[in-house]
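Visitor: Could you walk me through this model and tell me what lies behind the terms you use?
Guide: Gladly, let's take a look together.

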Amino acid sequence: GSTLQAIISVVSKGAALSEDLDEPSGLDGEMQQEREQEQEQEQEQELEVEQFLNQAYRRDNEQPVPWKFEESLRPGEGGSASLQQFEQSLAGHSAFYPAADLRLWKRKPLSFPEYMYASNNYFNRRWSGHRRLKNVSCFLEWVPQVTWLLDNSKPLDQEIEEAMSSTCQTCNFKTKVQERLEEMREQFERSWKLLKHNDTSDELKGVIIRELLEEAFDHKLTPSELLQDLRRYGYDTRSTAEATRAALTGGRSIADVFHSLFTNGAAGGNAKLEEAEVANYGITKENLWNLLVDARHRKRQRGRFYVAVTLNEAATIRRILHARRGKAAVDGASVGLSLRCVDTDMDLVSSTEFRAGHLYQKNMALSCLRFIDCKMQFTKNQVALLLRGTQLNTPYERRRWFEYMAMCKRRLVANWEDTPIAQLFALATEFHLLFQRSLALEVRRALASRLGGNTLLAVFQKFDLDDNGALSPEEMWCALDELGVASSADQVFSFFDAMDTDHDRRVTYPEFVRFLERTAGAGPSDGAAAPAAAEAHVAR
């Protein structure tokens, strides 16, 4: 008994001692109480601010409007008998409208690709007053009639003219098209001049062609893909005899070599030979321009649409398609549907008739949807696609549209200046981006011949003369002069402005590394609910 009492006494003393240690006393206790009071006051202030801001946003008439699943998605809505009639009837569609018509109250819209649409339940254009915006978490890839699908790939000039003709109803759009193309051509000329500054020939040759095209097309090109372009727009700098001799040395038969010569105009055939053949190709400035604006790298289909839907609409569509698994999504029609996540592109559910389209078109739609959702973190490939999809707008128009949209989001949207989306508000067209990437390509080429076994950090520290961890404009001039890639103030400014992403007049090592990163290889290329019936409704 005495032993048990002794144990209880020791435990009690220990518990009391631990309570004394846990409870702050004196000055420490007062400081902790002050911190807790400050935290409570901050939380109360945040709640008051949120309540005040919510008063500025109207909520009337925001109840979801149901739409009939089959009637809204079937190709015959509005009596359409062809794709052209259907596209004309989309102007009065009961559930969706073009993303180019998405505008906040008293604000201007932004031009998006013609295949981008939004649900009325996501944002109704008829609403008045400021409104809170929903998140764009899911989208519907919609093919109203699979047999209507047509290849709609166009060269850049036709693509811009077609888009501007639909957006400039009262202006002289042909003049605007010409001005925009001249602006792009000017940036292309700057890129060509930069890459040729130490070369007096009138052509680009060898590996630089591959690197430039991969930066322009935002994916890694195989030798076969590259040769398809070079055989059309470039030329083999070797004679036919030299090309044939090289192919025979590689172990190919004479019959195979001559077959390639007559069909392709070159004696290629396998990966190694094709790689060697690429190194022997050259391309002139005019043919390089024609290649960059060619439709082959701008694949898209007519009759395929990408629709931003709400979470409730997505949940209902998913239930309907699951219930109709193994059957047609819409009775009596070949409607292709695929419900996907915006951030991950994960396929949630697809109809049996659905067939995937071109990756270029889908990835551009994904980038545009993330922009509509006010996302700011984009890969280099996504930024390039987003720039292509919105280059009919000026950088200022994109920025103001984005800032107004961000103000209507419930979640806090941080400053965009230090994020990848900042490029979209600084570069006018895809050829402005190409010039920026040409700058990086030229610095990479110069560094490759001068690293001499040193790390990139060691080279940066060598250029950092005052050892403050960043390059000033003067230090940048000295570095570029030593590398032999810039000889004038304008050229130095172009390099410095491209590297200084946060515009603080200094280039840090992370900015230096990001500037030199290659784009190629970062993304792919082209190449149990109730049964759904005709009266099934899709709510918000």
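Guide: Let's start with strand 6 and strand 8 (residues 281–284), which run antiparallel and are joined by three bridges. Bear in mind that this is a predicted model.

Visitor: What makes strand 6 and strand 8 a pair?

Guide: Pairing takes at least two bridges. Strand 6 and strand 8 have three bridges, so they count as a pair. Leucine 204 stands opposite isoleucine 283 in strand 8.

Visitor: Why are strand 6 and strand 7 called edge strands?

Guide: In this open sheet of three strands the order is 6-8-7, with antiparallel pairing. Strand 6 (203–205) and strand 7 (235–236) each pair on one side only.

Visitor: Which helix packs on the sheet?

Guide: That is helix 12 (residues 285–292), which touches strand 6 and strand 8. The direction of helix 12 makes about 90° with that of strand 8.

Visitor: What makes the largest nonpolar core a core?

Guide: Its 48 residues count as a core because they are buried and joined through side-chain atoms within 4.5 Å. Among those with the most contacts inside it are Phe112, Met116 and Phe371. Helix 14 (359–372) is one of the elements that supply at least two residues each, and its eight residues are the largest share.

Visitor: What is phenylalanine 112 in contact with, leaving aside its neighbours within four places in sequence?

Guide: Its partners include Ala99, Cys368, Phe371, Ile372 and Trp401. There is also a second, separate core of 32 residues, including Phe217 and Leu288.

Notes:
Residues are numbered from 1 along each chain as its sequence is written. This is a predicted model: local features need pLDDT of at least 70, side-chain atom pairs count only at pLDDT 80 or more; totals for chains, interfaces and linings use all residues. Side-chain values use heavy atoms; hydrogens and water are left out. Buried means under 20% relative accessible area, exposed over 50%, partly exposed in between (1.4 Å probe, protein chains only). Helices (H or I, at least four residues) and strands (E, at least two) are DSSP runs, numbered from the N terminus. Contact means heavy atoms within 4.5 Å. Axes are lines fitted to C-alpha atoms, for helices over the stretch in contact, and angles run from 0 to 180 degrees between N-to-C directions.
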